[in-house]
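Subject: Structure handover

Hello,

Here is the structure for your files. Please look it over first; notes on what was found in it follow below.

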Amino acid sequence: MSRILTISPGSARGMRKIMFQVFKRQYGGIIPGIFKILSVDLKLGKAAGKIYQHLHMRKKSPMSRIQREMLATVVNGLIGGAP
């Protein structure tokens, strides 16, 4: 059981449902754990999403690939994501 409030793709409605469909398509059929957390509050999710994009997705990221993978593993474990 997760200790962090999340929204599952099956329970999403409205704008969240559309966003889940877009992310599922972008990530090859899966929903990233960070998005499940950030979708609870869309206003906060937008701001946090910008930080996430800045740290993880830009070419000159200050985090190494292994650091990004370690962070993703911890978040995925906390929300009860897939192994």
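The chain has an average pLDDT of 82, and 94% of its residues score at least 70; pLDDT is the predictor's confidence in each residue, from 0 to 100. This is a predicted model, in which local features need pLDDT of at least 70 and side-chain atom pairs count only at pLDDT 80 or more, while totals for chains, interfaces and linings use all residues. Residues are numbered from 1 along each chain as its sequence is written, and side-chain values use heavy atoms, with hydrogens and water left out.

Helices (H or I, at least four residues) and strands (E, at least two) are DSSP runs, numbered from the N terminus.

Ile7, Ala12, Phe20, Ile31 and Phe35 are the five residues of the largest nonpolar core. Such a core is a set of buried Ala, Val, Leu, Ile, Met, Phe, Trp, Tyr and Cys residues joined through side-chain atoms within 4.5 Å. Buried means under 20% relative accessible area, exposed over 50%, and partly exposed in between (1.4 Å probe, protein chains only).

Leaving aside neighbours within four places in sequence, Ile7 is in contact (heavy atoms within 4.5 Å) with Ala12, Arg16, Phe20, Lys36, Ser39 and Val40. Ser39 sits in the loop between helix 2 and helix 3 (42–57). Ser39 counts as buried because its relative accessibility is 0%.

Ile37

Ile37 belongs to helix 2. Beyond its neighbours within four places in sequence, Ile37 is in contact with Ile4, Leu5, Thr6, Val75 and Ile79. Ile37 and Ser8 are 29 residues apart in sequence, and their C-alpha atoms are 9.3 Å apart in space.

The largest pocket has a volume of about 590 Å³. Of the 20 residues that line the largest pocket, Pro32, Gly33, Ile34, Tyr52 and Ala72 are the closest to its centre. Helix 2, helix 3 and helix 4 (65–78) are the elements that give two or more residues to the lining. Helix 4 supplies the largest share of that lining, seven residues. A pocket here is an open set of points on a 1 Å grid over the protein atoms alone, where a 1.4 Å probe fits, with protein on both sides within 12 Å along at least five of seven lines; lining residues have an atom within 4 Å of a point. Grid points are joined across faces, edges and corners, and the volume is the space filled by probe spheres set on the points.

Helices 3 and 4

Ile51 lies in helix 3 and counts as exposed because its relative accessibility is 53%. Leu71, in helix 4, is partly exposed, with a relative accessible area of 38%.

Regards
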